[in-house]
Every structure is written in C-alpha cells, then in structure tokens.
Amino acid sequence: MQYRAYDTDSEKIKAVSMTQLSKTVIKENLLDRAEMSDAHCHLELFKNPLDTIAKAREEGIGIIITSGGTVDGNTGAIEMTNYDGVFATIGIDPSAIEDADSIDDIEMQIKANPKIIGIGEIGLDAKYTDKYGLELQKDIFREQIKIAEALEIPVVVHARSMMKHVIEIIEEFPKVRFMMHFFDGALEEAQKLAGMGHLISIPPRLSSNRKKIIKHLDIRNIVVETDSPVAGHSPLDVKETLEVIAKMKDISFYDVASMVTGNLKRFFYI
Ligand SMILES: [Zn+2]
C-alpha cells in the first residue's frame, strides 16, 4: 500500500511505502498543516466538478473559493458549496451587466448560505467599455460593494486593464476588504493596495511583472489562484506558483503554502 507524504528535500508530495512512511511521519504531520488553497476558480465550469474537487483535496488543496459573476455562474457557484472545503463568492461581473437586475437577490442568497463568503467577481473591464460604457460598469461595481459593506464581507475584484479606476473606487470604501483577483497592475499599485490591507491574488501565468510583485510584496498580502478552467487547468496549478514564491522568497514550500492559506483564511474568516 502506498501513502502520501511531503518530502522536505524535494519539496514535493510523494507516494511512499509503509516503511518509508514511518521515517517521514513528521513530514506527513507537516503536510497536514501545510494546507494549500486556490483563492479563485470556477468549479461549475468543469466537466466534472466533483472529480476536480476530489483530485485537488487528494493533493492537499483544502480550500477552494469558486466565484460566480453571472446569474448562471452564481447558481453554479452556490451549488458547489455543498462540498467540503469549497466556498463561494457571487456577484455580477463587467461582462454580464444585463444580469444586474439580479443584484437584489445576491444579498438574500448570501444571508441564506454561510459558505458564500464574499461578493465577486465584480469590477471593471476595458474589454467591455465599448459595449456598456465605463460609468455604468462603475455604478454596478459600487452598488455591489455597498452590499459587501453592509454585510461586512470581502469583495473579489475583477480588473482588466482598469487598475487606476478600480483603485479610485476602492479608496471610496475604506471599510471594505478587497481581494484583487488575477492581479494585472504594477508593483507600486500592489504595494498601495497591500498598504490598505487588501490581498493580491497571483494567477498561474507568471509574467516578469508578477514575479517582480512576488519578490517585493510582503507575503502576508499574497494569495494564489488558478482561475481554472478559464486560465489554469485545475486548482492543482497553485502548486507551481507556490514553488516559485518559495524559491523567490527563499522560504520552504511548506511555509509558503501555510502562510498563503493563512492569509486567505484570515481574510475571509474561513
Ligand atoms: Zn474568474
């Protein structure tokens, strides 16, 4: 029989035999505590979400936050909260402004389900400014932040080529905490947001700009996400990002996984 244990030399989870396991028992205990997490994905978009969740858990990803963004996406995300370790955020994203009528329902849906832990993904997207106009996007973004403020829950932000405008709106709501999903801003913007207590979520595609952010930003403001299946393949992709963070910050994989998941738990009160 094979067991799974964390090998501190290779910093990887390995299949080991019973004899090897007795030698790695301390390492295995470490694995129990070094829980990994995916701060943002879309489980309902997978062909077989249950299979995706099971595989992620098997590999040590104990917390998955799945985000809605449209009426259908929100329904799917809420359904996923039936599974252990899966939490949801719901909202209307800038691609689905025509779904904005459902914003009133969002507040009730959140109140009815303790595993809906935030509003999102919501925000501004340069791709849709021609279609909807920037002012309408801003109004709908603000309307939903106000719900988060009233319910005292965080916001998961979608900001594509819109960091300047998004930061301006964030500054209007000093009491609300924001997680910047798929962060595409500059290091200075990341540091400014971190200084206000917000989280910077690092996706799997590590551009040189994101590596710079990882290097210079305090680890307490960093979480990792996959945005799978839209950007990453599955929640397992967080491992690669955690490995890069470990290398760049010269911290062990175990410590990075543990700290990053701790950041996520504290932020969302999970
Ligand atoms: Zn997303």
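These legends describe close-up views of backbone features in a predicted model.

Local features need pLDDT of at least 70 and side-chain atom pairs count only at pLDDT 80 or more, while totals for chains, interfaces and linings use all residues. Residue numbers start from 1 along each chain as its sequence is written.

**View 1. A cis peptide bond joins Gly120 to Glu121.** Omega is near 0° here. Glu121 belongs to strand β6, residues 116-125. Strands (E, at least two residues) and helices (H or I, at least four) are DSSP runs, numbered from the N terminus. Most residues other than glycine have a negative phi, and most peptide bonds are trans.

**View 2. The bond from Ser228 to Pro229 is cis.** Its omega is near 0°. Pro229 sits in the loop between β10 (222-224) and α11 (238-249).

**View 3. Phe182 has a positive phi.** The value is about 50°, although Phe182 is not a glycine. Phe182 is found in the loop between β8 (178-181) and α9 (187-195). Why is Phe182 classed as buried? Because 21 other C-beta atoms lie within 10 Å of Phe182. The cut-offs are 20 or more such atoms for buried, 12 or fewer for exposed, and partly exposed in between, with C-beta atoms placed from the backbone.

**View 4. Tyr269 also carries a positive phi.** Phi is near 55° in this residue, which is not a glycine. Tyr269 lies in the segment after α12 (253-268). Is Tyr269 buried or exposed? Tyr269 counts as exposed because it has 10 C-beta neighbours inside 10 Å.
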